[in-house]
Amino acid sequence: MADLRAFGAYAMQQPLPRIPDATLKNLIAVFYTRVRKDPVIGPVFNDAITDWEAHLETLFLFWTSLLYGNTGYNGRPVPAHFKHREHMTPAAFTRWLELWAQTTDDLLPPEIAALLQKRAACIGTSFQRAMAFQGAR
């Protein structure tokens, strides 16, 4: 949970209406289906994740914790991603955000999509800073 503190300020920026769990799970599943097929970032994710079903559930818990407070996620996303830092380039983050924007635009009302896109941009910025900080140690 300690790693979510880096994202906590972003989670509280603007109130977000509760997205039904089924809608959020579908969003995450569609998004990562697109990620896995993407020629830029797909190979990185496909090499890193062996159990997609479990990972999608973890991502759902991460997003619900980020959006609404602790809902069962107690992972540490920065250390989990640090071993992949050589692949976490600005271009990779940009592509991740592009796919997220496309998916949220496709599946959610515009105002909710825009809020989730802002949250994702904050996550990307936080991860890049964390990777740089951890790498400097």
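A search of the whole structure, a predicted model, finds eight aromatic pairs, where rings of Phe, Tyr and Trp (its six-membered ring) pair if their centres lie within 6.5 Å, and planes under 30 degrees apart count as stacked, over 60 as edge-to-face and the rest as tilted. One of them joins Phe31 and Trp96, whose ring centres are 5.5 Å apart with planes at 90°, so this pair is edge-to-face. Since Phe31 belongs to helix H2 (residues 21-37) and Trp96 to helix H6 (residues 90-107), the pair ties together parts that are 65 residues apart in sequence. Helices here are DSSP runs (H or I, at least four residues) and strands likewise (E, at least two), numbered from the N terminus. Phe31 is buried at 0% relative accessible area, and Trp96 also counts as buried, at 12%; buried means under 20% relative accessible area, exposed over 50%, and partly exposed in between (1.4 Å probe, protein chains only). Phe62 and Trp63 form an aromatic pair that is edge-to-face, 6.2 Å centre to centre with 85° between the planes, and both residues are buried. One aromatic cluster takes in Phe31, Tyr32, Phe45, Trp52, Phe62, Trp63, Trp96 and Trp100.

Local features need pLDDT of at least 70 and side-chain atom pairs pLDDT 80 or more, while totals for chains, interfaces and linings use all residues. Residues are numbered from 1 along each chain as its sequence is written, and side-chain values use heavy atoms, with hydrogens and water left out.

Helix H4 has 17 residues and reaches 24 Å from its first C-alpha to its last, close to the 24 Å expected (1.5 Å times one less than the number of residues). Its buried residues include Trp52, Leu59, Phe60, Phe62 and Trp63. Just after H4, Gly69 takes a positive phi of about 105°.

Charged side chains also meet aromatic rings. The charged end of Arg18 sits over the ring of Tyr68, 4.3 Å from its centre, and Lys25 lies over the face of Phe60, at 4.8 Å from the ring centre; the criterion is NZ of Lys or CZ of Arg within 6 Å of the ring centre and within 35 degrees of the ring normal.

For the chain as a whole, there are seven helices and zero strands, and 41% of the 137 residues count as buried. Leu115, in helix H7 (residues 110-136), is buried at 9% relative accessible area. The C-alpha atoms of Leu115 and Leu16 are separated by 7.5 Å, although the two residues are 99 residues apart along the chain.
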